[in-house]
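Reader: I am new to this structure and would like to go through it with you. Could we begin with the ligand and then turn to the chain itself?

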Amino acid sequence: MPEPEAPDDTVSERSDLMEKVVGLCKRRGFIFQSAEIYGGFRSTYDYGPLGVNMLRNVKDLWWESMVQRRDDVVGLDAAVLSPPAVWAASGHLATFTDPLVDCMNCHQRWREDKIDGVCPACGSTEFTEARAFNLMFKTHAGPLEDEGAVAYLRPETAQGMFINFLNVLQSTRKKPPFGIAQVGKSFRNEITPQNFVFRTREFEQMEMEYFVPPAEAQRWFEYWLDHRFRWYLDLGIPDDQLRLRHHEASELSHYSSGTADVEFLFPWGWDELEGIANRSDFDLKAHAAASGEKLEYYDQTANERYVPHVIEPAAGATRTMMAFLLAAYTEDQVGGEARTLLKLDPRLAPYQVGVLPLSKKDTLEPLARQVLGMLQPHFMCDYDTTQSIGKRYRRQDEVGTPWCVTIDFDSLEDDAVTVRDRDTTEQVRVPIAGLLDELRHRMDAVQA
Ligand code: GAP
């Protein structure tokens, strides 16, 4: 059986946390700079073998909570490309802008509202007049690059839900209150993308539009604030790093009659993870007026037609993944040696189980592969045979694998393996026949 270990104090510091997490993401295959071999493409990122697992977990856990476990919310996967009419009606063509200024000294471009009147590059306080810069990516659909072929990459997934309101209503026979949920890529030509994957030009959103009778809007707004806030806590964001902040009237978007943000304590301070907005009947009315379709609900019992109001929880999947990584990053000591670990909730971790034959000798391989084959249908597993068992444990700790299963020479005799816990480093011997149940039991305990 491998040597037992025991962790000492936690010694992680927040000051250089960002640098450490960015370094770990690259070194261990979570997130790479896009087009790196060509010098990198600013503000775009590629998700590596571990990052793609984790991002998928973030999105699946959102889907489970918002769609799978409910009978009042259905899913949608709408197109990324859409015609200008959609964005004219939604208000994005006219108002989805940031104030752009040029520094008169070094000629760099900035978002006026982010720089406090001083150029971050050269310190100058002289700028051009601010002009409205539309954040949507414009392209052309088809072989002609003329005005009639203009299309936009969606800057949010939300409009896909509004323009499919009637399709969903008629095909599912849902009635308010009900929601349409979507997860997918959105694109914004941000003037100052920054802070790793916090603000990028291509990112993933997880949004839900909840259609309610107008009189119930405030009650559902409060319901979704609470529901969404608890989702982050449940998945391991500590409560002293999470808060709800209600917007001042001056901050509200053009469509909103009330918004609150779920904020996380990032290394640079509190910042937004998700916005929950009471969008009133703005969107359905705007699309009804522009398209000529009646976007209403007919309540047969009350014999009345009305335009539902909308409550929208709008989260960023990529930004949320970054918050989970920052919150999970931990340094401690095991047996006097420093170790780095990601204390990720097992549901979020890229791998749930590391399967590790104690030695590379051929004698352990068949049993180790048999164990791997037994676990793979149920858990995302990593199979690692290289270097000492201590080094392999450290590697699994560093990427957040909650449990390691070690197959040693005794396993050939007693048909048992060692299960090691990432956080406590505690090891227990488990019969192979009961291993799946043991790991399922540990996973269930997390979800309870
Ligand atoms: N439909 C409403 C809407 O899109 P938003 O506050 O602009 O609202 C929702 O976006 C969420 O999408 C944000 O809270 C954030 O998590 C994520 N998000 C927005 N812009 C982003 C960007 N440039 N990079 C990464 N995530 C972004």
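**The ligand and its surroundings**

Author: The space taken by the ligand is the largest pocket. A pocket here is an open set of points on a 1 Å grid over the protein atoms alone, where a 1.4 Å probe fits, with protein on both sides within 12 Å along at least five of seven lines, and a molecule sits in it if more than half of its atoms lie within 2 Å of its grid points. The model is predicted, local features need pLDDT of at least 70, side-chain atom pairs count only at pLDDT 80 or more, and totals for chains, interfaces and linings use all residues. Residues are numbered from 1 along each chain as its sequence is written, and side-chain values use heavy atoms, with hydrogens and water left out.

Reader: Which strand gives the most to the shell around the ligand?

Author: Strands are DSSP runs of E of at least two residues, and helices are runs of H or I of at least four, numbered from the N terminus. At least two residues of the shell come from each of β12 (202–212), β15 (269–280) and β18 (309–316). With 5 residues, the one that gives the most is β15.

Reader: How many residues of the shell around the ligand are charged?

Author: Asp, Glu, Lys and Arg count as charged, while Ala, Val, Leu, Ile, Met, Phe, Trp, Tyr, Cys and Pro count as nonpolar and the others, Gly among them, as polar. The shell has 7 nonpolar and 4 polar residues, and its charged residues number 10.

Reader: Why is the pair of F165 and F211 tilted?

Author: Rings of Phe, Tyr and Trp (its six-membered ring) pair if their centres lie within 6.5 Å, and planes under 30 degrees apart count as stacked, over 60 as edge-to-face and the rest as tilted. The structure holds 17 aromatic pairs. The centres of the F165 and F211 rings are 4.8 Å apart, and the pair is tilted because the planes stand at 50°.

Technical notes: On a 1 Å grid over the protein atoms alone, a cavity is a set of points where a 1.4 Å probe fits but cannot get out, and a pocket is an open set with protein on both sides within 12 Å along at least five of seven lines; lining residues have an atom within 4 Å of a point.
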